[in-house]
Amino acid sequence: MNPAQTSPWRLCVAPMLDWTDRHCRRFHRYLSRHARLYTEMVTTGALLHGDQPRHLDFDALEHPLALQLGGSEPADLAACARLALRWGYDEINLNCGCPSERVQRGAFGACLMAEPALVRDGVAAMRDAIGDAIPVTVKHRIGIDRIERYEFVRDFVGTVAEGGCTVFIVHARNAWLQGLSPKDNREIPPLNYALVHRLKRDFPHCTIVLNGGVRDDATLAAQLAEVDGVMIGREAYQRPWWLAHWDARYFGDAAAAPVREDVERLLVDDLARARALGVAPQALLRHVLNLWKGEPGARLWRQVLSDPVRRTLEPAQLFELARRARQAG
Ligand SMILES: Cc1cc2nc3c(=O)[nH]c(=O)nc-3n(C[C@H](O)[C@H](O)[C@H](O)COP(=O)(O)O)c2cc1C
């Protein structure tokens, strides 16, 4: 396997609001050079009327990086696509899977699955705005509410593909738009991977990426045999060291795998830089607390880095204390 020949979407870390900010993505990039990273969802309104650098700035080492948009108005999506291109993103991803009530009030997210023609027009508007410069992709569910017919998601994909989308990231469960919190909507509607496999068979020229509930290598490898890529959310965040094996195992990259102690050294530098810019230490540290998860002393390491008093120490001193706590544990 040659990394240059694998699909760019072979392994992706999911967009996660409040989690996959730039600090988190930078940390993930230390663990995998090839995984495709996604921003948190940013709404078109926030981008067009808000603080663009705050929403869009990222570090060059985060590439390949996709910007996820929440919105439905084709003209607004087109304007945001131009911004994404100007900022240097590698992909624009449209969120058609978020079930939150706030998002539904804005008439985007998962409720867009009921309006495939509008999604097609939004995709076409973005493509008209930026041409083939970077791909426009869609992340969606397999259905909404109690619609469990395969034809529903098949027709959604078919219609949206007419707008020029060839990459579909499919969270393999329905979104129940009433009565479930977004968290429950990631757990309670049952997973149905077979439906995603069927999409791949029916749309062989499209890139189909499966998402939802993938938490171990056995499941990941089995899914990669069926679809073009797998997107992983919670497990990547909660057990980040998993990513450290991805380049060798799934991209055939023989370069040395990262070592936790080296990652710590990079984090010391990042923390010092963040601090010089006035960024609160926890903005960065909160994402790295699971670095040693599962190893002896991991809890003590985490405790040191979580302690608001110790967090005020010099970064090198803080990590040294954490290392000693872990080794004593
Ligand atoms: C804290 C959190 C925030 C999320 N925010 C987003 C988001 O902004 N956009 C999106 O498309 N999905 C979002 N999701 C859903 C994930 O992208 C993913 O589809 C879902 O967690 C299922 O994948 P997993 O089982 O691997 O976690 C979020 C999930 C979590 C846990």
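Helices (H or I, at least four residues) and strands (E, at least two) are DSSP runs, numbered from the N terminus. The structure is a predicted model, in which local features need pLDDT of at least 70 and side-chain atom pairs count only at pLDDT 80 or more, whereas totals for chains, interfaces and linings use all residues. Residues are numbered from 1 along each chain as its sequence is written.

Helix H13 spans residues 281–285 and contains Pro281. When residues up to four places away in sequence are not counted, Pro281 touches Leu271, Arg275 and Arg311, contact being assigned if the C-beta atoms of two residues, placed from the backbone, lie within 7 Å. Thr312 is 31 residues from Pro281 along the chain, and their C-alpha atoms are separated by 7.8 Å.

The ligand is surrounded by 23 residues, of which the closest are Ala14, Met16, Met41, Gly233 and Arg234; a residue is counted here if its C-beta atom, placed from the backbone, lies within 6 Å of the molecule. At least two residues of this shell come from each of strand S2 (36–43) and helix H10 (234–238). The shell comprises nine nonpolar, eight polar and six charged residues, where Ala, Val, Leu, Ile, Met, Phe, Trp, Tyr, Cys and Pro count as nonpolar, Asp, Glu, Lys and Arg as charged, and the others, Gly among them, as polar.

Helix H6 (residues 116–130) packs against helix H4 (residues 74–87), their axes coming within 8 Å and crossing at roughly 40 degrees; axes are lines fitted to C-alpha atoms over the stretch in contact, and angles run from 0 to 180 degrees between N-to-C directions. H4 and H6 are therefore oblique to each other, since angles under 35 degrees count as roughly parallel, over 145 as roughly antiparallel, 65 to 115 as roughly perpendicular and the rest as oblique. The residues in this contact include Leu77, Ala81 and Leu85 of H4 and Ala125, Met126 and Ile130 of H6. By class, the contact of H4 with H6 has ten nonpolar, one polar and three charged residues.

H6 also packs with helix H7 (residues 150–162), at an angle of about 30 degrees and with the axes 7 Å apart, which makes H6 roughly parallel to H7. Pro116, Ala117, Val119, Arg120 and Val123 in H6 meet Asp155, Phe156, Thr159, Val160 and Glu162 in H7, and the residues of this contact divide into six nonpolar, one polar and three charged.
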